[in-house]
Amino acid sequence: MTAFTVKPLFSIVVLTLTLVVATLFISRPSPLSQFSLSPATPSGKSDIWNVQRLVEWRPCKWWLDGDLTALPAESNGYIRVDCYGGLNQMRRDFCDGVGIARLLNATLVLPRFEVAAYWNESSGFADVFDVDYFIQQMNGYVKVVKDLPPGIASREPFRVDTSKRKGQFDYIESVLPSLFEHHYISITPAMSQRRDRYPLHAKSALCQACYNALRLTKALEKKGAELLQAIPKPFLSLHLRFEPDMVAYSQCQFPSLSPASLESVDAVRGDRKPWTGEMATIWRKRGKCPLTPSETTFILQSLSIPTDTNIYLAAGDGLMEIEGLTSVYTNVFTKSSLLSSEDFTNMHGNTKAALDYYVSINSDSYMATYFGNMDKMVAAMRAFNGMSKTLFLSRRAFAEFSSQGLKGRELMEALWKAHSDDFAMGRGYALPDCFCEFKL
């Protein structure tokens, strides 16, 4: 009798263990399981925008309310700013050039925008920005001309190279002599020398140019308004950067990418080989690696952004692994999905970037996965317009917490804390040269 009852019991135990093992094998976690998404918000928190802000950035009073220093009667010559790269990099360089022109008491010539096959670009400054409006708004800050005098217009400007200067760079000492000698020069301001020893009247000219005077052409503003109207409200503008060239440039490893994405990255990598070993870990923990769409999605959910949020994807062509976002956040809109195919096909790189900028400065909220030129310009313009729902997603925090072994709910909580602190303190909000910190 005893033997009869043990055998079925043993069989049941064996069967149960077999099912458990099979279940574990079938549901074995993927390499990205530590970022597995949960529909629930962290501890039932409301979204990140409800965090009380303690600090915000506003335009400095010395710029908006200060008395303008009168322009000298005579100009020291003409300066043309030569701008390279994407639209927002060229805009940044031009703003700096305006400050330099005022510093050197020079007359500003309309800038030259790079014609670049890489950016699918052939449009100039006047194709993107309203020239007459710019000149009108800069009145009293710096003199601007559309056309050069006949004696100068027939020749190219003398090129002053500022790119190789190191340390404290003084434009008055290093560039003004060339302006006196040649009367017409061209420069490209460099990152490391920007705003060195600017007096307030030169800084005011820079700020006025960037945030009050650069307005899109009427045609572009009309197209931007149409695009804005087509997006369901309210909406989040998300500047997501995960294109092949961006990933290659970062020198980061992404072994979980699809074969097609890895092939796209390898095709543009060139000599920039990814870091390996300990250096790869250090590089990632320093926040040097772009967030994948899946990682971005995980952070959005960590910040309690509802999955039915309307999202405008402010991104360039060739974005990889986008299903990592759209499989969770299903209300995602792009330029190509909202504009006619003819409109989209005929657009150059600067036009597309200008529309993304226009939508982003007018969106209900804005997030960026990178801290590039567009993000800095958009954040500053939103601060100028008093729009506080702006946040940069922290690559450094994500990498640091992940390296500590945090997963799931613990990782979500840590990301919430890091980002809510950033939002409350207004970190990364605006360019400090034109904006001042105000405690609330």
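I started with Phe392, which is buried because its relative accessibility is 12%; buried means under 20% relative accessible area, exposed over 50%, partly exposed in between (1.4 Å probe, protein chains only). This is a predicted model, where local features need pLDDT of at least 70, side-chain atom pairs count only at pLDDT 80 or more, and totals for chains, interfaces and linings use all residues. Residues are numbered from 1 along each chain as its sequence is written, and side-chain values use heavy atoms, with hydrogens and water left out.

Next I counted aromatic pairs and got 13. Rings of Phe, Tyr and Trp (its six-membered ring) pair if their centres lie within 6.5 Å; planes under 30 degrees apart are stacked, over 60 edge-to-face, and the rest tilted.

I checked Trp49 with Phe423: centres 5.4 Å apart and planes at 75°, so this pair is edge-to-face. Trp49 is in a loop and Phe423 in helix H21, so the pair ties together parts 374 residues apart in sequence. Helices (H or I, at least four residues) and strands (E, at least two) are DSSP runs, numbered from the N terminus. Both Trp49 and Phe423 turned out buried.

Back to Phe392: what does it pair with? I found Phe371, edge-to-face, at 4.8 Å centre to centre with 85° between the planes. Phe371 has 40% relative accessibility, so I wrote it down as partly exposed.

I also noted one aromatic cluster made of Phe94, Phe113, Phe125, Phe129 and Phe134.

Last entry: Arg58 lies over the face of Phe438, 4.7 Å from the ring centre. A charge sits over a ring if NZ of Lys or CZ of Arg is within 6 Å of the ring centre and within 35 degrees of the ring normal.
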